[in-house]
Amino acid sequence: SLQKWVLREISNFEYLMQLNTIAGRTYNDLSQYPVFPWILRDYVSETLDLTNPAVFRDLSKPIGVANERHARDVKENFEDPTGTVDKFHYGTHYSNAAGVMHYLIRTEPFTTLHIQLQSGRFDCSDRQFHSVPAAWQARMENPVDVKELIPEFFYFPEFLENQNGFDLGCLQLSNEKVGDVVLPRWARSREDFIQQHRKALESEYVSAHLHEWIDLIFGYKQRGPAAVEALNVFY
């Protein structure tokens, strides 16, 4: 499949799905759910210009250091000489069961699973997935949030809609009710978001750089000296 991908016979989406499958990731296991990259960093423009490299995230860096400022902290944390555990850059993970439920909170059976995880109620509204731009902002401002995306962001508009009318509470600062997921300004609808996001995944820029992210998640930068150098060591 690598050969097919290089020859552009299969899409970036298909190639990532195949890599996830080979790596033992599956929709049937929340703790090994398929993982996809954040690919954009522009969630505020009126229109999304996929010919402009500046709208894309740097795929050669782990999401935890997508913001340059975090790189220094992450390096310093790694030097922690307590010696009781193996050293790591991140205490949480780019893909875990809670993260999957976080994104899919509006869709059953994930809603019920989320409520069970939170001992019988919804997590506090501010911690919920309520906005795509805000989720990206959290990656920029909060070095602890290192969640990558799930495949649904590229094909499943329904998960962005609170179809069942769940009471997800209100945000503290704005007192705004959490309902459907807030979309980037350039998306006219959920379907439009998914379509443009998928187009971004298949863009020339991503096709040229996707292998860099693959090295981090599935390849030689997962562990050992290469992982240390790439600031890519997880607890």
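Along with His 70, the buried residues of α3 are Ala 71, Val 74 and Phe 78. Viewed down the helix axis, these buried residues lie within an arc of 110°, so they line one face of α3. The face turned away from this buried side carries Arg 69, Arg 72 and Glu 76, which are exposed. The packing partners of the buried residues of α3 are α6 (132-141) and α9 (225-229).

## Nonpolar cores

The largest nonpolar core has 61 residues, of which Leu 40, Phe 129, Phe 153, Phe 193, Trp 213 and Ile 214 touch the most other members. Helix α3 is one of the elements that give two or more residues to this core, as are α2 (12-22), α4 (97-103), α6, α7 and α8 (204-217). The greatest contribution comes from α8, with seven residues.

Not counting residues up to four places away in sequence, Trp 213 touches Leu 16, Val 35, Phe 36, Pro 37, Arg 57, Leu 59, Glu 148 and Phe 218. A second core, separate and of six residues, includes Ile 105, Phe 122, Phe 166 and Val 178.

## Confidence of the prediction

The protein has an average pLDDT of 91, and 97% of the residues score at least 70. Confidence is lowest in helix α3 (residues 68-78), with a mean of 82, and highest in helix α7 (residues 190-201), at 98.

Definitions and conventions: Residues numbered from 1 in each chain as written. Predicted model: local features only at pLDDT ≥ 70, side-chain atom pairs only at ≥ 80, totals over all residues. Heavy atoms only, no water. pLDDT = per-residue confidence, 0-100. Helix = DSSP H or I, 4+ residues; strand = E, 2+ residues; numbered from the N terminus. Buried < 20%, exposed > 50% of the residue type's maximum accessible area, 1.4 Å probe, protein only. Arc of directions from axis to C-beta. Contact = heavy atoms within 4.5 Å. Core = buried A, V, L, I, M, F, W, Y, C linked by side-chain atoms within 4.5 Å.
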